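Reader: I've got this model open on my screen and I'd like to get my bearings. Let's go through it one question at a time.

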Amino acid sequence: MTRLLLRLAMVFVLVSGAGVRGQDSFNSLDVTTGQVTQGIAQPPCGTKPIAIARMQWPSAAILAEIHARILKAQFDCEVKLVPGDLAATASSMGSTQQPAIAPEMWVLRVSETWNAGVKAQKLRQAAPTYDQSLFEGWFIPDYVATANPEITTAASLKDHAAAFSRNGARPRFISCPPDWACSIINRNMLKAYGLDGLFDIVEPGNRFEMDTLIAEAVGRKEPVLFYYWQPNAVLSQFSFRQLDLGAYDREAFACLASRICAAPKPSAFAPDSVVIAAAEWVFTDTPSVASYLQRATLPIAEMNTMLARLSEPGATEEGIADRFVAERGDIWRTWVGAVAP
């Protein structure tokens, strides 16, 4: 038996803060001499650039910038940011497996394209983007919640509607613009909880007017009940409490979302699936990166804070990402795992 046949390779992946980033080392043992030689294995990022979709809306853009910085610094990846939107990015990933990563993919809004890509084994979910799946709800200011600790659910509003009255006037519920789907849902929800005769519905003309109404009410310390969604800067700029709308009921919610709902029944808003999407080759060719992405779920409150900072003078998505990486290692080091220093 030749010496070549007697030679056995023993490969050990070394991932540590003091280890070599961008490359995994391995040891080879020659059983005839007992000598160990060291070599270099496949780098964690593979041999081609990793393209990350930088979507058009702020939260997705910030996430793309954050992941680009961490993958460069911690894994020595060659990263490039590419512009994208939900439909085009999902379609491209599902056919060409490019871009490699989409940090904020709203799956239910492109479900047909997404499901086709998953079935074709071109892309898949790495992890949820955020630490919760319910993004819409009803909110009250913290000062109202503190003064009325019994108001914690939508159902409790019926017995405590007077707490939202201003100078004897009927309480207000600030909904969303009338051409948004949520305006129909909110009207039917008020009926389902028996509140339609207790609250006046205010439907602002646009997003700016909606935010202004909420900000003015909070600025005057007025009791107010309103609809909103996350991730969003408004929920971080002010201190609000989200009311418990109860369990999500698929059939009940389908009726709530219908313009004609004969018998509205209570239901929470439908949960949404927002995920870190990755091309299949990321899992097969770059398992270290895939493992990172599978741990990279962000607390939604942290994104709300970053979006609030984005409204500061001179703030940019790039600057917000730099600040997150510099200040929130307590979050992102858990994503990186043992590679992080």
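Reader: Before we go on, what pLDDT do side-chain atom pairs need to count here?
Author: Residues are numbered from 1 along each chain as its sequence is written, and side-chain values use heavy atoms, with hydrogens and water left out. This is a predicted model, in which totals for chains, interfaces and linings use all residues, local features need pLDDT of at least 70, and side-chain atom pairs count only at pLDDT 80 or more.

Reader: Okay, the big picture then. How many helices and strands does the chain have?
Author: Helices are DSSP runs of H or I with at least four residues, strands are E runs of at least two, and both are numbered from the N terminus. The chain has 341 residues, and 46% of them count as buried. The tally of secondary structure is 14 helices and 13 strands.

Reader: Back to the rings. How are Tyr227 and Phe269 placed, tilted or otherwise?
Author: Rings of Phe, Tyr and Trp (its six-membered ring) pair if their centres lie within 6.5 Å; planes under 30 degrees apart are stacked, over 60 edge-to-face, and the rest tilted. By that rule there are 17 aromatic pairs. For Tyr227 and Phe269, the centres are 5.6 Å apart and the planes sit at 45°, so the pair is tilted.

Reader: How many residues apart in sequence are the parts that this pair ties together?
Author: Tyr227 is also buried, at 3% relative accessibility. It belongs to strand E11 (residues 225-229), while Phe269 is in the loop between helix H9 (250-256) and strand E13 (274-279), so the pair ties together parts whose separation in sequence is 42 residues.

Reader: Which residues do ring pairs link into a cluster along with Phe269?
Author: Tyr227 and Phe269 make a tilted pair, and the cluster takes in both of them.

Reader: Now helix H2. How does H2 lie relative to H14?
Author: Axes are lines fitted to C-alpha atoms, for helices over the stretch in contact, with angles of 0 to 180 degrees between N-to-C directions. H2 (residues 58-75) and H14 (residues 329-336) have axes 12 Å apart at an angle of about 60°. Angles under 35 degrees are roughly parallel, over 145 roughly antiparallel, 65 to 115 roughly perpendicular, and the rest oblique. That makes the two helices oblique.

Reader: And which residues of H14 make that contact?
Author: Contact means heavy atoms within 4.5 Å. H2 brings Ile66, His67, Ile70, Gln74 and Phe75. The H14 side is made up of Trp332, Trp335 and Val336.

Reader: How many charged residues are in the contact of H2 with H13?
Author: H2 and H13 (residues 317-327) pack at about 50° with axes 8 Å apart. The contact includes Glu65 and Arg69 of H2 and Glu317, Glu318 and Asp322 of H13. Asp, Glu, Lys and Arg are classed as charged; Ala, Val, Leu, Ile, Met, Phe, Trp, Tyr, Cys and Pro as nonpolar; the others, Gly among them, as polar. That gives 9 nonpolar, no polar, and a charged count of 5.

Reader: Which residues of H12 does H2 meet?
Author: The axes of H2 and H12 come within 10 Å and cross at roughly 105°, which means they are roughly perpendicular. Pro58, Ser59, Ile62, Leu63 and Ile66 are the H2 side. In H12, their partners are Met303, Met306 and Leu307.

Reader: What is omega for the cis bond joining Gln230 and Pro231?
Author: Pro231 is in the loop between E11 and helix H8 (234-237). Another cis peptide bond runs from Gln98 to Pro99, with omega near 0°. For Gln230 and Pro231, omega is about -5°.

Note on methods:
Buried < 20%, exposed > 50% of the residue type's maximum accessible area, 1.4 Å probe, protein only.
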